Amino acid sequence: ATARRAEVLALGSSRVLQLRQEFFLRPFTNAGRAMSSLLEGEEFLAALPAVARPRLMIIGLDPWWFNPQRPAYAPRRPRSGLSVGFLHLVADWLWQAKLGLGDLWRVAVRGRKANGLTSHPGIGVAAIIRAAGYRADGSREYGRRYTAQDPTFDDQGFGNTLGRLAKADGPFEHGEQAAAARFAQFDALLADLRADGVTPVVIMTPLAGRVLAAMDGMGVAFGYLAEVRTYLAGLPVESYDFLDPAALGA
C-alpha cells in the first residue's frame, strides 16, 4: 500500500481479494487478508503511514466480526526464513498431487514462465502451473480453481464449508446475538478514517446461496446475522449489503 500510493484501497479478509485494478479508474491496491478481524483492521490502519492513506477505502465487512462467540483474534505474524517444515513442502505437494514431477521439470529445467490458463507470466510454480497467486495490485488470482482443475481445492460443492457450519468451526461459530461492543468498535474505526480525510465505503460480500440457505435453516445458530444486516443499513457512510448473492443477480 505504501509503495503503490493508491487512491482507492480495499481492506478486509480474503473475501475482498478479487477486487482488481481494472475495476477502477484511479490507482488501486488490494489489502485483502490484512483485516480478518476488527483488531487486525485497527492495527493495519495504525501502521499505515499518512502518505499512504487512500482517498477512498472499501471495507469488506465480514458478519462474523460481530459474533461474540468468535474470539477477537490476535493479528497473525508473518513467517520469515526457512525451517524444516518449509523444506518439506515440495515433497508434501508432490505426495498430495498438488505438484507433479513434470511441473517441476517444466519450470525449473525447461524455464517455463507463462501459465497455461491465461498465458501471462508468473513467478513461482503455483503461478506458472495453476495460474494462481497474487497480482501486482495485491488482488488474488485463483486460476484453475475457477474451472475445477485445481487439485489443492478442498471445497467442491461447498462440502468443506457446510461441514464447518454444522460443527460451528471458525469463522462459523454459532451465535444468537451480535455484540454491541463490536459495533461500537467498528463505528470508531469509521470515525477515525473520516477524521483523516478517508471516505469509507462498506460492503458485506456475498456468501454462496447454498451456504446462506444452510445458515438460515439453522435458525438461532446464526441469529446474529440479522442484527449485523440491520446495523449495516444504518451506517452513516455509503454501504452495501450483498450477503445474499441474489442482490447481485448471482
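**Exercise 1. Describe how helix H1 packs on helix H7.**

Step 1: geometry. H1 (residues 38–47) and H7 (residues 180–195) pack at about 20°, and their axes lie 10 Å apart. The model is predicted: local features need pLDDT of at least 70, side-chain atom pairs count only at pLDDT 80 or more, and totals for chains, interfaces and linings use all residues. Residues are numbered from 1 along each chain as its sequence is written, and side-chain values use heavy atoms, without hydrogens and water. Helices (H or I, at least four residues) and strands (E, at least two) are DSSP runs, numbered from the N terminus. Axes are lines fitted to C-alpha atoms, for helices over the stretch in contact, and angles run from 0 to 180 degrees between N-to-C directions.

Step 2: orientation. H1 and H7 are therefore roughly parallel to each other. The classes are roughly parallel under 35 degrees, roughly antiparallel over 145, roughly perpendicular from 65 to 115, and oblique for the rest.

Step 3: handedness. The crossing of H1 and H7 is left-handed. Left-handed means that the near helix is turned anticlockwise from the far one by less than a right angle; clockwise is right-handed.

Step 4: contacts (heavy atoms within 4.5 Å). From H1, Leu38, Leu39, Gly41, Glu42 and Leu45 meet Arg182, Gln185, Phe186, Leu189 and Leu193 of H7. The contact of H1 with H7 has 6 nonpolar, 2 polar and 2 charged residues. Here Ala, Val, Leu, Ile, Met, Phe, Trp, Tyr, Cys and Pro are nonpolar, Asp, Glu, Lys and Arg are charged, and the others, Gly among them, are polar.

**Exercise 2. Describe the packing of H7 on helix H9.**

Step 1: geometry. The axes of H7 and H9 (residues 224–233) come within 12 Å and cross at roughly 30°. That makes H7 roughly parallel to H9.

Step 2: handedness. H7 and H9 cross in a right-handed sense.

Step 3: contacts. Phe183, Phe186 and Asp187 of H7 meet Glu227, Val228 and Tyr231 of H9. By class, this contact has 4 nonpolar, no polar and 2 charged residues.

**Exercise 3. Describe the packing of H6 on helix H8.**

Step 1: geometry. H6 and H8 (residues 209–216) pack at about 15°, with axes 10 Å apart. H6 is thus roughly parallel to H8.

Step 2: handedness. The crossing of H6 and H8 is right-handed.

Step 3: contacts. Thr161, Leu162 and Leu165 of H6 meet Arg210, Val211, Ala214 and Met215 of H8. The contact of H6 with H8 has 5 nonpolar, 1 polar and 1 charged residues.

**Exercise 4. Find the backbone exceptions.**

Step 1: the rule. Most residues other than glycine have a negative phi, and most peptide bonds are trans.

Step 2: the peptide bond. Glycine 170 and proline 171 are joined by a cis peptide bond, with omega about 5°. Proline 171 sits in the loop between H6 and H7.

Step 3: phi. Phenylalanine 158 is not glycine, yet its phi is positive, near 60°. Phenylalanine 158 lies in the loop between strand E5 (140–141) and H6.
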